[in-house]
Amino acid sequence: MKINLRSSRKRSKLKVWEIIVGGGIATTIVFPIYWMIITGLRPQTETFSPTPKLIPTITLDHYKEVLEEGTVLQGLWNSIVVATSSTVLALILGVPAAYVLARWEFKRKSDLWFWIISNRFISPIVVVLPFFLIAINLQLVDTYWVMIIIYQTFAIPFVVWLSVDQFRAIPKEIDEAAAVDGASIIKTFLKIDLPLVFPSLSVSAVLIFVACWNELLFAQILTRSEAITGPVVALGYMSGYDIRWGPMMATSTLVVLPIILFTAALSRNLVRGLAMGAIK
Amino acid sequence: MKIEKVKQPKLPTSARLLLYPSVIALFIIGIFPLLFAVWVSTRQYQLSKAYEPKTFLGLDNYITVLTSPEFWVALRITFTFLIIALPLQLIMGTLIAVYIYNLKSPSLSSLLRVILVLPIAVTPTITGLLGRLIFNSEFGIINYFLSFIGIQPVQWLADQRAAFIAIIILDTWQWTPFAALVLIASLMVIPPQVLEAGKLDAGTGFNLFRYMQFPFLLPGFTALLILRTADILKMYDTVYAFSKGGPGVATELVSLYINRIGFGKTFDIGLGSAQAILLLIICIGLSRAYIKIFYREIQV
């Protein structure tokens with residue numbers, strides 16, 4: 001009933017309990033990320049200390065080691081190439097389809113729509129088994145191609161789902177006016193609707209990029225060394241009995257930090273996208 | 001998703017040009033491999049014995065899967081995980097959402113909302129690796145904190161129950177903030193006048209929440225229920241990086257189990273495919289049920 005008192009009083013100052021709760025939430029979320037970063041920056045002996053030190057002794061040794069090894073840089077570069085190409089391809093294929101789904105009624109549209117969204121439920125392990133056999137036969141294992149293609153299995157449905165919503169937000173009358181003026185469907189799409197959804201497409205692009213960047217199972221099974229991606233490289237530190245925590249966390253930081261900053265900067269718009277238009 | 005009952009003319013050719021590329025692409029990369037998987041699942045197909053003939057087995061692989069306890073154990077572990085983690089995340093997410101929504105300080109509330117976004121972006125593989133670091137039984141910070149309240153060091157990776165609790169904690173750390181953000185967005189939709197009027201009728205505190213805010217949260221709950229169920233059924237990365245399904249099979253979710261059969265020691269892709277097809281049937285059934293139950297309610 002404290003809430004009762006609070007809202008009937010003057011609305012201004014933060015209550016002590018509010019600050020404590022807020023601090024608790026923030027610490028719980030941020031602390032593990034902080035711990036990852038400092039474990040990558042401190043000497044390994046300090047990591048093993050039975051009484052953990054909250055403020056680390058800083059050394060760049062692990063980063064030096066990691067960057068000299070080369071696999072990490074290769075992995076990050078591969079991640080950039082694969083995630084960017086997958087995102088671009090998914091947008092090129094998915095956005096026009098979303099436009100048609102948002103604007104036109106046709107036979108079996110609901111079935112098509114259902115098929116596209118039910119892709120979200122399909123476990124990647126179901127997809128990767130046959131894909132692996134096909135990729136072996138076509139000698140596509142450990143290439144960018146196979147990664148970009150298999151990422152479309154989740155990227156296209158994701159784009160369609162997000163973009164249908166974005167096109168629906170544009171009044172239909174605009175299209176009708178264009179049709180009266182004699183513009184073709186494709187022209188209306190390219191010249192009128194596409195520019196209007198462009199800002200929200202950047203949100204879709206970021207979400208798909210992050211999903212590709214973070215993906216593990218496909219990359220683990222379909223890459224070996226040439227096309228190995230960031231998460232697989234990070235996972236590599238798990239093998240053997242002596243885990244090299246420093247280099248492992250330095251690599252983890254390199255994989256995670258860029259996208260954390262990226263998403264934090266766009267946080268407001270992303271949440272809506274992630275909720276997949278369920279909230280209007 | 002409003003579907004008009006009026007008969008629609010055929011789709012114009014140029015609209016088809018826009019629609020078909022992605023439909024065809026999805027068909028080729030989605031349906032074709034699946035049919036191949038069905039074919040493989042009826043064979044004796046082990047990559048470790050590549051030179052042996054791939055004899056036709058009929059439904060033998062399926063019978064093996066359905067009669068061996070391992071598959072059911074993996075499913076049971078997955079659904080136990082779902083039944084514990086999902087309500088936990090929804091309840092905590094609701095509490096955080098209501099707390100942030102009611103904050104009178106705009107700067108604190110927007111700061112917290114940016115912080116809530118952070119775990120969502122963390123690569124799940126890295127969440128698992130980070131879990132290994134902080135749950136380490138010798139120098140992990142969790143055991144250190146637990147020692148303050150007199151708890152003996154927990155063998156997080158060696159004890160079956162502890163490992164299961166740890167993966168729930170990791171998933172909850174990563175996805176409760178997402179739940180909170182979605183629910184805050186739902187609360188933001190309530191028009192201020194409606195809320196003021198509601199305060200007069202329902203009073204404040206719990207009643208206000210129950211009668212005024214809760215109905216607005218329902219679409220958010222539905223979205224979270226669907227998305228998180230799908231994600232948990234697919235879950236692989238975090239757990240693989242954290243425990244590889246161990247100790248024993250304590251944290252071996254169904255994706256990890258199928259992965260072990262299909263790509264592990266025996267490379268039994270035939271058996272793995274049969275398992276994958278069965279999992280697919282379960283997923284499709286569940287998604288149909290979910291979308292039928294919930295989406296209708298939202299759309300009407």
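## Two packed helices in chain A

In this predicted model, helix H8 (residues 144-168) of chain A and helix H10 (residues 185-214) of chain A have axes that come within 10 Å and cross at roughly 145 degrees. The crossing of H8(A) and H10(A) is right-handed. On the side of H8(A), the residues that make the contact include Tyr151(A), Phe154(A), Phe158(A), Leu162(A) and Phe167(A), while those on the side of H10(A) include Asp193(A), Val197(A), Ser200(A), Ile208(A) and Cys212(A). When the residues of this contact are sorted by type, 11 are nonpolar, four are polar and one is charged.

## The build of chain A

Chain A has 14 helices and zero strands, and the pattern read along its sequence is accordingly written as α-α-α-α-α-α-α-α-α-α-α-α-α-α. Along the principal axes, the C-alpha atoms of chain A fill a box of roughly 75 × 70 × 30 Å. The radius of gyration of chain A is 24 Å, whereas a compact globule of 280 residues would have one near 19 Å.

Of the 280 residues in chain A, 44% are buried.

## Where chains A and B meet

The contact between the two chains takes 88 residues from chain A and 88 residues from chain B. On the side of chain B that touches chain A, the largest share comes from helix H1 (residues 13-40) of chain B, with 17 residues. The residues on this side of chain B divide into 64 nonpolar, 18 polar and six charged.

Leaving aside residues up to four places away in sequence, Ser123(A) touches Leu233(B), Lys234(B), Ser255(B), Leu279(B) and Cys283(B). Ser123(A) counts as buried because 22 C-beta neighbours lie inside 10 Å, and the cut-off for a buried residue is 20 or more.

## Confidence in the prediction

The model scores ipTM 0.89 and pTM 0.90. Chain B has an average pLDDT of 88, and 95% of its residues score at least 70. Where pLDDT is low, the predicted coordinates should not be read in detail.

Technical notes: Residues numbered from 1 in each chain as written. Chains lettered and ligands numbered in written order. Predicted model: local features only at pLDDT ≥ 70, side-chain atom pairs only at ≥ 80, totals over all residues. Contact = placed C-beta atoms within 7 Å. Helix = DSSP H or I, 4+ residues; strand = E, 2+ residues; numbered from the N terminus. Nonpolar A, V, L, I, M, F, W, Y, C, P; charged D, E, K, R; others polar. pLDDT = per-residue confidence, 0-100. Axes fitted to C-alpha atoms, helices over the stretch in contact; angles between N-to-C directions. Left-handed = near helix turned anticlockwise from the far one by under 90°. Rg over C-alpha atoms; globule rule 2.2 N^0.38 Å. Buried ≥ 20, exposed ≤ 12 C-beta atoms within 10 Å, placed from the backbone.
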